[in-house]
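Hello,

Here is the structure I promised to pass on to you. Have a look at it first, and then read on for what turned up in it.

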Amino acid sequence: MKNFEFHNPTKIVFGADTVAKLSTLVPHDARVLILYGGASAEKTGTLAEVRAALALGQRSVQEFGGIEPNPSYETLMRAVAQVRSEKVDFLLAVGGGSVIDGTKFVAAAALYDGEPWEIAERGGANVQRALPFGTVLTLPATGSEMNSGGVVTKKATHAKLSFRNPLLYPQFSVLDPSKTFTLPATQVANGLVDAFVHTTEQYLTYPVQAMVQDRFAEGLLQTLVEIAPQAVASPDDYATRANLMWTATLALNGLIGAGVPQDWATHMIGHELTALYDIDHARTLALVLPALLDVQREQKRGKLLQYGERVWNITEGSDDERIDTAIARTRAFFEGLGIPTRLSAYQLGQEAVEAVLKQLKAHGMTSLGEHRDIDLARSRRILEAAL
């Protein structure tokens, strides 16, 4: 196991009817800006609950809607302008990972003295101040509700960049599983895949005798596989949605990644596919991961065999046959959720391979993976294996 420091300051308020607790979680005299996405937060009544909770006290409350899936720099800068002009001092994200990521960017950008896009360009390393914020999670997927990272897209240049800074942990996150009951099945499926891939990217690397982290990760993966059919088929099954919500949070709150090597190449390649072709984030991960596992099978051999045995109960056959089966079962899991694992499903071919490679080069993504050995040539192999 590698040396590590682990600290996560986000308070989690989990369970049914917990939105009302905002009345005590948000400072009573704060100048609050509620940030959200589309009309669903209004239609489902979640925004009304949030407004009612915040009405108690002496707060000034404003709203900013329209944050897109894959939040854009252009939209977020309008929120920054509102924060600055209205002297907002507390942000509240109501939504899924995109809204929360966007809120993190706004929190940092509002107090940044230079050009805010520099925050994304430098991965958040230049953030020295940030507004405090909390979240009300409505879509379990990204884990952004309990970590310090985010992703933002600049439409003008098709650049989708990630950032991270310790100042960007939410102060609190409210997780009410019943807020997921109205989600479309496609978004639930996306959330399952997103959490699954987050877990594998901190697990499917190479052994470092981190037994606890391995068992944590395997437990999360097994849970996702077990609950997936019910999570998609029965939207009002509270127990299932509660397990999905908590699993997705634990998949990327830093715990399973402490002291172990990590491989975020699937995400980096997937980000370029989203930026270029507007494919849902989770769906790009499903395109890339099976192909990447095949191309990197020698580097990941030990963990792939462990993954096959412990997650999929694959114990028969040669080592190579077991690895083949583990990758095939992973692909089948995604496809079983209605999420394609081939670029051809999106009418994309060799031209997309070339376009993604161009973007990877432009963004310096030329030595990815736990061994930093996924260069552009290997990224090409991965993308061509996904055709």
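A word on terms before the tour: helices here are DSSP runs of H or I with at least four residues, strands are runs of E with at least two, and both are numbered from the N terminus. Please also keep in mind that this is a predicted model.

Let me start with the two annotated stretches. UniProt, in an unreviewed entry, places the feature "domain: Alcohol dehydrogenase iron-type/glycerol dehydrogenase GldA" at residues 9–177. In the model that span is 29% helix and 25% strand, and its end C-alpha atoms lie 22 Å apart. The unreviewed entry also places "domain: Fe-containing alcohol dehydrogenase-like C-terminal" at residues 189–358. Here the make-up is 68% helix and 0% strand, with 30 Å between the end C-alpha atoms.

The largest nonpolar core holds 63 residues, and L192 and Y307 have the most contacts inside it. Helix 11 (residues 281–295) gives this core its largest share, 10 residues. There is also a second, separate core of 35 residues, with L76, V88, V106 and M245 among them.

What does Y307 touch, leaving aside its neighbours within four places in sequence? Its contacts are F196, Y203, L204, L221, W312, A326 and T330.

Two helices further along the chain are worth a look as a pair. Packed helices are described by the angle between their axes and the distance between those axes. For helix 14 (residues 350–362) and helix 15 (residues 376–385), the angle is about 150° and the axes are 10 Å apart. Helix 14 passes helix 15 in a right-handed crossing. On the helix 14 side, the residues that meet helix 15 are Q350, V353, E354, V356, L357, L360 and K361. On the helix 15 side they are L376, S379, R380, L383 and E384. Sorted by class, this contact has 6 nonpolar, 2 polar and 4 charged residues.

N147 sits in the loop between strand 5 (133–137) and strand 6 (149–154). Is N147 buried or exposed? Its relative accessible area is 5%, so N147 counts as buried. Beyond its neighbours within four places in sequence, N147 is in contact with K104, T142, R164, L168, Y169, P170 and L252. One of these, P170, is 23 residues away along the chain, yet the C-alpha atoms of N147 and P170 are separated by 7.4 Å.

H271 is another buried residue, with a relative accessible area of 4%. You will find H271 in helix 10 (residues 265–277). Not counting residues up to four places away in sequence, H271 touches V151, K160 and H281.

H158 has a phi near 55° and lies in the loop between strand 6 and strand 7 (159–164). Its relative accessibility is 37%, so H158 counts as partly exposed. N313 has a phi of about 60° and belongs to the loop between helix 12 (301–312) and helix 13 (319–336). With a relative accessible area of 63%, N313 is exposed.

Enjoy exploring, and do write back with any questions.

Best wishes

Technical notes
Residues numbered from 1 in each chain as written. Predicted model: local features only at pLDDT ≥ 70, side-chain atom pairs only at ≥ 80, totals over all residues. Heavy atoms only, no water. Core = buried A, V, L, I, M, F, W, Y, C linked by side-chain atoms within 4.5 Å. Buried < 20%, exposed > 50% of the residue type's maximum accessible area, 1.4 Å probe, protein only. Contact = heavy atoms within 4.5 Å. Axes fitted to C-alpha atoms, helices over the stretch in contact; angles between N-to-C directions. Left-handed = near helix turned anticlockwise from the far one by under 90°. Nonpolar A, V, L, I, M, F, W, Y, C, P; charged D, E, K, R; others polar. UniProt positions renumbered as here; feature names shortened; annotations may be inferred.
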